[in-house]
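Dear colleague,

Please find below the sequence and the structure that I am handing over to you. My account of what was found follows directly after them.

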Amino acid sequence: MRTQKISSREDLTALHERLQTRWDPTRKRIHVCLGTGCKACGGAEVFDSLRTALEQMHLDREIDLIRTGCHGFCERGTLVVVEPRGILYTAVSGADARQIVQKTLVDGKVIRRLLYTSPSSNGHRGKKLTTVAEIPFYEHQHRTALRLNGHIDPTDIHHYIRERGYAALAKVLFDKTREQVIEEVTDSGLRGRGGGGFPTGLKWRFCRDSPGDKKYVICNADEGDPGAFMDRSILEGNPHAVLEGMAIGAYAMGADEGYIYIRAEYPLAIERLRIAIDQMRRSGLLGSNIMGSDFHFDLHIKEGAGAFVCGEETALMASIEGNRGMPRPRPPFPAVRGLFESPTNINNVETWANVPLILDRGPAWFGDMGTPGSKGTKIFSLVGKVNNTGLVEVPMGMPLRRLIEDIGGGVQQGKKIKAVQTGGPSGGCLPARLLDLPIDYESLAQAGSIIGSGGLVVMDDATCMVDLARYFLTFTQSESCGKCTPCRLGTKRMLRLLERICAGDGTQGDIDELETLAISVKQTSLCGLGQTAPNPVLTTLRYFRHEYEEHVHDKHCRAATCRGLVTAPCQHTCPAGVQAHRYVRLCGLGRFGSAYQVVRETLPLPSVCGTVCFHPCETRCKRGGLDEPISIRALKGAAVRFGRRAEASMTRPKRRSGKR
């Protein structure tokens, strides 16, 4: 459908009704996920192959082929949903296209090999699940900000308008004052989803009440946490929700210009944002006299260079202004003096995406979800050692255990959960005993962690918590802008201490110094990066201090990941407790006789070891400190055979040489 100019509220209503009338929910459709994850799995080829198959079978007029944004189940891509039955096919390739059209859409049958097989232990284990509604990954979610992801074409504004898109903006422009809009956002209890959790309505009020003829609104899409892709998926799958939210906020605060600050590493999100903004302009929903009102608003995209510190709002504004992205002291806050010295409001992608729903459905609807202090839902990127990784949206207050076990399908290979990292590299590591903790701002803060932007990493018992703290601190230290001394020097010193402990050179004084430094950096750094960078260190010291003690006093890494403490795999993993690193090295040189004597010093019958050992060290051979990838199974077999011969020679009588 050609883009239509919307010059009044009545035009929008008429277009919505026309689109609804043309929509047939019983019509056959194929939805192909073309988010970044599925595109990387060959989604574009799948889409083209399905289109070719429909054309060759003369079904392209009867069956709709729709590109969609991210479904969230990224590791199972490419994802294809066949409507109206809601059949979900996973790991689809271009070669499957013709069979999907013929067998499912024409013959009405299900292709079982493309169905999702559940790994969960909640009654579905090993079952082939056909529809989206049956799959626990989706069944236990409560999607609001992600409600249209996977259902609409993000490059077609009419798909969004059909689903009541821009109805909230029309209601605001013609039925509500600026004060009423801010009151509704305040009453909803919406808090910033970018990590700080500051009340959104209060933030808007500060900006509105600040004097100044020129005001700005900014969308912070500089998503820099490793493993986080919440904002990217919203922008790829439903950019109009964010743009409508920004327009509503601009009206409420008296702003006439806005910026979307997005990292350049998100080319697909940027492409779809540009398409959406262009469609808004041509539809009369952006620019002067929007929908015939006296409201003027325009938007710009600013691509960031990928600096993690630019997620901090003052550094972000400096980057938009063309300066180096470095934070500045506050006050004055951006609501008083922000972008180009004008009052400015900054919210992240997820926050803006919730605004149209609140204004359309009312603050009570949003407030009924979540907890009294943390209302609504939150999107998390669930990654790590879980069976179902991906993007999930759940009500605030859901226990961590339910998110990991019911939605995530539990830990891979039946292992045990050791810890959960919430809040990305600036978050905290919580032990398995706290899995019943509700996910809300207050509960996680009391435990020493944060919600952050929504990163959630699950770790099993093969994870070294000291090495994990070192890994996250490596990231935050390298991303420090260096402006303030505590962050610039403190994180560097902390990292050196962690590297020394992981290398086996640590002392008891190092642990004490590390803890003191972490507290000082947290309390004295200028911006949020430095203030939260010590969180992984502080929480691992709080909940896993015994592992630090083992590294320092016993020179032992129970996970066998710190190379400086693992001279050979058998030292860490031998079920009999044999400290036989010399045995492995001698076997590697082919000196089985000498190796046998080493083991004889510890075990009376070394051949028994090869009989009962379940070879736990084989998978850790390379990282365990060996110079060559020696096959431990082969070495044991050779040593056992030599041991048996040696034992036999000890028990049988010596043969006489026959010489006098």
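Where is P331 found? P331 is found in the loop between helix α13 (313-320) and strand β10. Please keep in mind throughout that this is a predicted model.

Overall composition

The chain contains 28 helices and 15 strands. Of its 660 residues, 57% are buried. Among contacts between residues at least 6 apart in sequence, 69% join residues that are at least 24 apart.

Peptide bonds and backbone angles in the loops

P331 also deserves attention for its peptide bond. The bond that joins R330 and P331 is cis, with omega about 5°. A cis peptide bond is also found from E83 to P84, where omega is near 10°. P84 is placed in the loop between β3 (80-83) and β4 (87-89).

The loop between α13 and β10 also holds E341. E341 is not a glycine, although its phi is positive, at about 70°. Its relative accessibility is 55%, so E341 counts as exposed. R164 likewise has a positive phi of about 70° without being a glycine. This residue sits in the loop between α6 (157-162) and α7 (167-175). R164 has a relative accessibility of 42% and therefore counts as partly exposed.

I turn next to a sheet. In general, the strands of a sheet pair through backbone hydrogen bonds, and the pairing is either parallel or antiparallel. The sheet described here is open and has four strands in the order β9-β8-β7-β10, paired in parallel. Why do β9 (298-304) and β10 (344-348) each have one side left without a neighbour in the sheet? Both stand at the edges and each has a single partner strand, so one side of each has no neighbour there. From one strand to the next, the twist averages 20°.

Within this sheet, β7 (residues 216-221) and β8 (residues 257-263) run parallel and are joined by six bridges. One example of a bridge partner is I260 in β8, which is the partner of C219.

Two helices lie across strands of the sheet. Helix α12 (residues 267-283) lies across β8 and β9, and runs at about 170° to β9. Helix α14 (residues 349-361) lies across β7 and β10, and its direction is at about 95° to β10.

Helix α11 (residues 239-253) has 15 residues. From its first C-alpha to its last it reaches 21 Å, close to the 21 Å expected at 1.5 Å a residue. Is this helix mostly covered or mostly uncovered? Helix α11 is mostly covered, since 15 of its 15 residues are buried. The residue that follows the helix is G254, which has a positive phi near 80°.

Y251 belongs to helix α11. Its relative accessibility is 9%, and because this is under 20%, Y251 counts as buried. Leaving aside neighbours within four places in sequence, Y251 is in contact with V172, L173, K176, T177, R178, V181 and F295. T177 and Y251 are 74 residues apart in sequence, while their C-alpha atoms are 9.1 Å apart in space.

S381 in strand β11

S381 lies in strand β11 (residues 377-384). With a relative accessibility of 0%, S381 counts as buried. Which residues does S381 touch, not counting those up to four places away in sequence? They are G227, A228, F229, M230, G390, L391, G454, G455 and L456.

The largest pocket

Finally, I come to the empty space. Rolling a probe the size of a water molecule over the atoms shows where such space is left. The largest pocket has a volume of about 1300 Å³. It is lined by 43 residues, of which G194, G195, G196, G311 and E312 are the closest to its centre. The elements that give two or more residues to the lining are α9 (200-209), β10 and α21 (528-532). Which element gives the most to this lining? Strand β10 does, with five residues.

Yours sincerely

Technical notes. Residues are numbered from 1 along each chain as its sequence is written. This is a predicted model: local features need pLDDT of at least 70, side-chain atom pairs count only at pLDDT 80 or more; totals for chains, interfaces and linings use all residues. Side-chain values use heavy atoms; hydrogens and water are left out. Two strands pair if DSSP finds at least two bridges between them. Axes are lines fitted to C-alpha atoms, for helices over the stretch in contact, and angles run from 0 to 180 degrees between N-to-C directions. Contact means heavy atoms within 4.5 Å. The expected span of a helix is 1.5 Å times one less than its number of residues. Buried means under 20% relative accessible area, exposed over 50%, partly exposed in between (1.4 Å probe, protein chains only). On a 1 Å grid over the protein atoms alone, a cavity is a set of points where a 1.4 Å probe fits but cannot get out, and a pocket is an open set with protein on both sides within 12 Å along at least five of seven lines; lining residues have an atom within 4 Å of a point. Grid points are joined across faces, edges and corners, and a volume is the space filled by probe spheres set on the points.
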